[in-house]
Amino acid sequence: MYLIERINQIYQRYKNYEWIYILPLVVLSLKRKLEYFFFILHSEKGLPKSEDSQWYLNYAHSLLTDFKLGLHMNDLLYLGYNLILAILIGVFKEEYIVVFIQAVTTASCVILVYLITRRLFNRITAIVASYFYATSWHITVWSMYILSDSLFMNLVLLNVFLLLKTLENNNKGMGALFLISSLLMLVFRPTGVLTLAFIFIYIALQINRYPLIAFLKRHRYKFVCALLFVFAAVGFLVFTHKLNPLLTSLQYNAKLVLYNIYAKGWIYDNPSGHDYAYRPDYRIDIFGSLILSFLIHNWDHVLLLYGRRALAFIGWWVWKTDIRSLAGVIKLCKDVVPSLLFLFGTYAAIKNNIFRKTSIVWLVIVSIFLFCMVLFMDSMYRYKLPALPFICIVCGYGVERLIRIMLFFINKFGGKLLQWNRNKHSL
């Protein structure tokens, strides 16, 4: 009896210390990532690599030898990651050390998942969401590749955390760090541009427009000067043809996407048995634009393709449903659970009037969804990776609401049962 009371005293004393909940989650996350890291490191195949991995490595080594930055799309839009990778390669030399650092960083970001969720929702949701993040197979796998995806996911989490801290305390130091992380997102990978735009939509939803208008009026001359400087800089680059390599590479990549993915009806970046076959119209007769001409002439087929890609975003299992056998039905039930938890968490946030406050979670997911649907979707769901921590948060809220519903019914019917027993024995 004394032991139970002592444990309860300790719990009551320390229950509001967040590190008590965070520490086990960090240990679990590190355990999952590092176990897999050492397993594949000592396997016959070694650390996994993709074609993109080799491109990044070659570019990093070229930066270390002559530090020559190009003006093509891949040079500028991946500048942040290329520089970070070059620094890591230059300092640690070995690729496996870079992957180890990446795995530890990704595992440690469970702290950011917890803190973001704790600020937006509650502690139970934070624990459940962090557990989902720590045990996610996709997050573990992609942290083993030398690619921008895993570190970009960490950067988005950091950016959202800094934003919430800035809005919460109006801290100028946190605001400065948020702006720095935002600038890094713009040049870390192309997804960052779209994701940051949706994050700024959240800022617009949270900030009172009247103080904002007053602030803009008070500093209007500074903003006008800044805009004039930006326009002058862009105009100079355009008229001196400095942006030609970037614009040419953007058009070339757009053509590759349209003619190699859209025209072939690919759902993923490679052919699959679920693609949408049609005969595309290749005429270029609308303002001389290849992109506008293709999209307008093939708009109906493109919309159907978007529909299939939107469905594919849920997971590869949508193409492998089997309800003709008991094993297939059981597997389908397991596969559909995360989607149901996500939908229930979304419904609960709207019903409980916290959707606007927490909308940044959904806005980040939507930005990644649009990027995958319109541009790139890998069959291994690599491009979906930055959205996974935020999907874990929504699913965590769905679990928390279910727990509260179950506790409500347990208390309600448990009380009735207790009262019935008392009445029975009193007779």
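A residue counts as buried when its relative accessible area is under 20%. That cut-off is applied here to a predicted model.

Start with glutamate 400, in helix H20. Its relative accessible area is 0%. Glutamate 400 is therefore buried, since 0% is under 20%. What does glutamate 400 touch, apart from its neighbours within four places in sequence? The contacts are Asn122, Ile124 and Thr125.

Stay on helix H20, which covers residues 388–426, and go to phenylalanine 408. Here the relative accessible area is 49%. Exposed would need over 50%, so phenylalanine 408 at 49% is classed as partly exposed. Phenylalanine 408 also belongs to a nonpolar surface patch of about 670 Å².

Now the cysteines. How many disulfides does a search of the whole structure find? The count is zero.

Is cysteine 395 buried or exposed? Its relative accessibility is 6%, so cysteine 395 counts as buried. Cysteine 109 has a relative accessible area of 7%. That value is also under 20%, so cysteine 109 is buried.

Terms used. Residues are numbered from 1 along each chain as its sequence is written. This is a predicted model: local features need pLDDT of at least 70, side-chain atom pairs count only at pLDDT 80 or more; totals for chains, interfaces and linings use all residues. Side-chain values use heavy atoms; hydrogens and water are left out. Patches are made of residues with over 30% relative accessible area and no salt bridge: like charges are joined within 9 Å, nonpolar side chains (Val, Leu, Ile, Met, Phe, Trp, Tyr) within 5 Å. Accessible areas come from the Shrake-Rupley method with a 1.4 Å probe; for residues, only the protein chains shown count as cover. A salt bridge is a side-chain nitrogen of Lys or Arg within 4 Å of a carboxyl oxygen of Asp or Glu. Helices (H or I, at least four residues) and strands (E, at least two) are DSSP runs, numbered from the N terminus. Buried means under 20% relative accessible area, exposed over 50%, partly exposed in between (1.4 Å probe, protein chains only). A disulfide is a pair of cysteine sulfur atoms within 2.5 Å. Contact means heavy atoms within 4.5 Å.
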